[in-house]
Structure formats: structure tokens, C-alpha cells
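Me: Hi! Could you walk me through this one before I set anything up?

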Amino acid sequence: MKTTKHLPAFFILFFYTILSLFRLGHPYAPSTSWEAEEKATPIFLDFGEEKDFSALVFYLGNYENRRFAVQVGSGSPIRWTDLGEITIRRVYQWSRFPLKARGRYLRLTTLNQYTEIREMLVKDGEGALILPVNKANYPRLFDESRMYPGYGSFLSGTVFDESVFARTAYEHLHGLRSYEDTHPPLGKLIISLGIAGFGMNPFGWRIAGVIAGSLLLLVVWAFGLRLFSDRRVSVGVLLLLAFDCLHFTESRLGQVDSFLVLFMTGMNYFMFRYYEVMVEGDGKKSWRFLLGSGLCMGLAASCKWSGLYGGLGLALIWFAVVLSRGKKGQMSQKEFLSTCGFCCLAFILLPIAVYLLSYIPYVAFDETMGFWERVLANQKNMLQYHLHVGSEHESASAWFQWLCSAKPVRLLTVHFSDGDMEGLVLMGNPAFWWTGIAVVFFCLYQMAEKAEGRLGFLLTAYAAPILPWMGISRYSFLYHYYPSIPFLVLLIGYWAEKRGRWGKCCLGLCVLASAVCFCLFYPVISALRVPQGYVAGWLEWLPGWDFIS
């Protein structure tokens, strides 16, 4: 295929990547730390004279929910007044605590066994930064105050589950005992590559997700070129995914879902190539596509167990291919048995090997257990966690609510005194998602009237990640719909091409409407500071769209 045919994809990919990198996060964060291994370890600060204290600011290290007893002191001998306890909950994010007190001394006493503070700031009554005269006793506690942006923001620290995944990625990288063990390790290992290259800062723990999000566009482009005869449809499909709000936000977070979706889309792409050569071609060299599909399935499952949900769709597609060739008399019993044997290699042995390999860095730093003991223990822990994770959460939503993005996930909300706000939410692009649901129902109706192989493939790939969630009692979130989004855009493209010029015009209008919605909602999918009135007046379309509270 000529290179010029790929130029639209290259331009879309280039601009998408540039926009994803824009305001991705600061490439710096406090890196030195004060550490305490025992409870009741004090931080004693002398400010030389009586001061009014208005706030304490912390950038916590690797341990969450650290508690401190706070006291203010004056006079000689020092008379201490208890100010109560504070709890710093989020790791790798700036946290501010109001403090109304006057004195010369401050004493903070740890109430946990392990504590790591990467930076601490003290504000006076006017809100100005003040340093203790004995700061030399804590050289790693007061050396990076210039990095404080004034509040905890998306640009300066972790949001939502980044405090879990980015932290664990850092632990994998530095040989520490890992905190998060409710998902397999591969996704965190990929995040750790960005941290290794750029440091333990927002840019470092998010850059791998941006790369995965851009690669997903390439996979969907390759899918579109195989599916559609009109390249304009492939371009339209690619633009729909590029304009999707959920895809944009997820790929800019230090979480594992962008890797999961990339690998799940890849395993379906290779299975589609297998379908092409077996049903529409001569059946030669089909083994390499089965291997590619199995490899991607193993990578997906090594990020999250939900990667196996897509494997159910692969099995259905494979059986449909075998049945089709059998009806046409194109598959002998010997070929059938050999194909079954090869599938055991591609979809059982290979994924298991990939899954186990992902555990090598995970277990290498734990000398208390052997490899197999550690792997088996982690599987048990994951199973117990997901069985008892609960059924209620303020941001949870049922699978049928995902289809129209009825309940976005609010990740961060910061209010300013001038009436502005910064918000970050996970939501779908309404123009694209609402159109997509209508197309899905139309395609289901079309399949009921007359089965068609390619349409059946797309519907199966779209539905497979959703169906298991219909019977799962634990709470779920809108981002669990993410693996279906690439196939939603492909279904829209399929529907448009089948309807000729009229359908392609509809696709163009959908792309245009999606672009408008993307621009309209850009502030709340990128944590851009805007007036609250804009958000309340223009963006909260549905009852469940609460972006301000």
C-alpha cells in the first residue's frame, strides 16, 4: 500500500499525540524525603520567634494515610498546646491543612510505623512561606518548596487510582515491596518504564499511557483499512476515536486501562486477520495470526484479568470460522485436530507463559517466598479482593449506564475563590456514544435478519467485554466500557459504508459533532481552569453529570 494512503492517519496521530502531551503533567516533583521507621518520631521546628501559623502543606511519599499529632509551643521552658491530629491520605500529591495557631515552635509526631514526607511547607498568617531556623536538621524536608504550585492539581500530583498504580510502578522499579496486588503486574511495569526515563513525577508516570493511546489509534487505523473499501470511512472512524473523551482522558493517566485496551484491540485485530485468510482467503499461514492474537491476549490478561473477557469473544469467533469452513468442506478432520492443538498453544500455553513472565520483576525483590509460592499467593489475593470488593461506590455505574455515559467518574475537583474551578472526569463523547448506541441496535437487527461475517465479528468484539459485567455483583465504573469503544467506532464505520453516500454523510456529521463536543468538554477532560458557570451552564446535560460538587 502506498505511503500516501497513510498520510491522514499520520496527521491525526501527530496532532492527537501533541494534544495529549500538552499539560500532561509537570516533569518534576519533590524527590528527596524525610523518613521515619518508628511511631512517635518527632519533627521539631523552631522558627526563632513567635509566628502566626495558617497552614501546613505536605507532599507525601510512598505511604498513604499517614497520621501526625500536631503541637504548637512557646516560652522557655516550652509550653506545648495540642492542635489535634491530621491525616495525609494521598501519596505523591500536595495536601494542605489549615492551621490557626501562634507560637515559636511546631512539633509533629508520627502515629504510624513507616512515614515518608518528600516536602513540607509552613505558611504564616499572611499565607507566606516561612522556614524554621533549624531547617538544617531536616535538609530533605525543606529543599524543594519551589515546586509547590499553590494547591494539589492534576499537573502536580496523582489523581484517582494513580496513587495506587503509579506508586506500585515506582516500587517495582526500585525493588520495594509492592502496595497494589489486586491486578497482575504488567501494566505497572509498563508505567515504571516512563518513571525510569523521566522520574517519579506526573509526566513520568503518564507518558506510557499516552504512547499506548496513540498506538491504539494505529491499530484501529489498520483495522479500518482491512474492513472498509473507502479510505474516507477509515479516516472518519479514526477521528471518532481521537475525539472520544474517555479515550483521551484515560490515555493521559498513570493507570493500566490504556494498555489493557490496546492489547485487547490487538488480539481482535489478529483474530480478524485469521478470519480473513480462513473464510475469505486461501487459509495459508493462518497460524501466525493465531499466535499474534494469543500473545496480545496474554499481554491483556497480564494487565487486568478483564482482558480474558475479550478471550470469550475470540473463542466464539474461532468456532464460527471453523464451522464455516466445515460447512464448505474446506476443513478436514486432520486439519481440524491440528488447528485445535495449535490453538491450545496460542491461547493457553502462550498466554500463561506471558502471564508468568510478567511476574519475574514482581517476585524478584521478595526473598520471603519462592517464585511459584508468590505467584499463587497473588492469584489468591486478587480473587479474594474481587469477590469482596463491594457493590456500592459513589462513582459506580451499571453496565447499561455506560452505553450513554450516564454517570461519568469524577476524578478531581478544585474550587478557587474567584469562582473558577479545575475538574477532571471520565466520560464519553456524547455525539459519538449516543450515535453509536443507535448503530449497535440497528446492526443487531440487521444480524437477526441476515447473518454477515464481518458484522458478526464486530458485534462480538464489542459485546464480549461487556457481557461478563452483567452478572458481576461488585461495583463497576464507566471505564470498564473502554475496551468496547474501538469496536463501537468500527461499527459506526461499517454501518456508514453499507449505506453508501448517505451513510458517509452521516459519518461526517457524527465526526463534526464529536469534534464540537470534544472542544466543548475539553476543560473537564483535561483539568483546564474555567469558570464554574461555564461548567454548570454548558456541560451538565444529564442528571448524573455533576462536574462541580
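Predicted model: local features only at pLDDT ≥ 70, side-chain atom pairs only at ≥ 80, totals over all residues.

Me: Great, pockets first. How much space lies in the largest pocket?
Reply: The largest pocket holds about 1200 Å³ of space. Its lining counts 46 residues, and those nearest the centre are F160, D161, V164, Y385 and Y479.

Me: Which elements give two or more residues to that lining?
Reply: Strands β4 (79-88), β5 (94-110) and β8 (409-415) do, together with helices α2 (162-174) and α12 (371-387).

Me: And what's the class make-up of the pocket lining?
Reply: The lining of the largest pocket has 21 nonpolar, 15 polar and 10 charged residues.

Me: Which residues line the largest cavity?
Reply: D257, L260, V261, K304, S306, Y309, P465, W469, Y479, H480, Y482 and P483. By class, that lining splits into 8 nonpolar, 2 polar and 2 charged residues.

Me: Which helix gives the most to the cavity lining?
Reply: That would be α7, with 3 residues.

Me: OK, let's stay with α7. At what angle does α7 pack with α9?
Reply: The angle between α7 and α9 (residues 307-327) is about 0°, and the axes are 10 Å apart. The two helices are therefore roughly parallel to each other.

Me: Which residues meet there?
Reply: From α7 there are L260, M264, M267, N268, M271, Y274, Y275, M278 and V279, and from α9 there are G307, G310, G311, L314, I317, W318, V321, S324 and R325. The contact of α7 with α9 has 12 nonpolar, 5 polar and 1 charged residues.

Me: How do α7 and α15 pack?
Reply: Helix α7 (residues 257-280) and helix α15 (residues 453-463) meet at about 160°, with 12 Å between their axes. Why that counts as roughly antiparallel: the label applies to angles over 145 degrees. The crossing of α7 past α15 is right-handed. On the α7 side the contact uses N268, M271, F272, Y275, E276 and E280, and on the α15 side G453, R454, F457 and A461.

Me: How do the residues of that contact divide by class?
Reply: For α7 with α15 there are 5 nonpolar, 2 polar and 3 charged residues.

Me: How many charged residues are in it?
Reply: The contact of α3 with α4 has no charged residues, with 8 nonpolar and 2 polar.

Me: Last topic, the backbone. Which peptide bond is cis?
Reply: The one from S76 to P77 is cis, with omega near 0°. P77 sits in the loop between β3 (66-74) and β4.

Me: And what is phi of R23?
Reply: Phi of R23 is near 55°, a positive value in a residue other than glycine. R23 belongs to the loop between α1 (7-21) and β1 (34-36).

Me: Why point those two out?
Reply: Because most residues other than glycine have a negative phi, and most peptide bonds are trans.

Terms used. Residues numbered from 1 in each chain as written. Heavy atoms only, no water. Axes fitted to C-alpha atoms, helices over the stretch in contact; angles between N-to-C directions. Helix = DSSP H or I, 4+ residues; strand = E, 2+ residues; numbered from the N terminus. Left-handed = near helix turned anticlockwise from the far one by under 90°. Contact = heavy atoms within 4.5 Å. Nonpolar A, V, L, I, M, F, W, Y, C, P; charged D, E, K, R; others polar. 1 Å grid on protein atoms, 1.4 Å probe; cavity = no way out; pocket = protein on both sides within 12 Å on 5 of 7 lines; lining within 4 Å. Parallel < 35°, antiparallel > 145°, perpendicular 65-115°, else oblique. Points joined across faces, edges and corners; volume = space filled by probe spheres on them.
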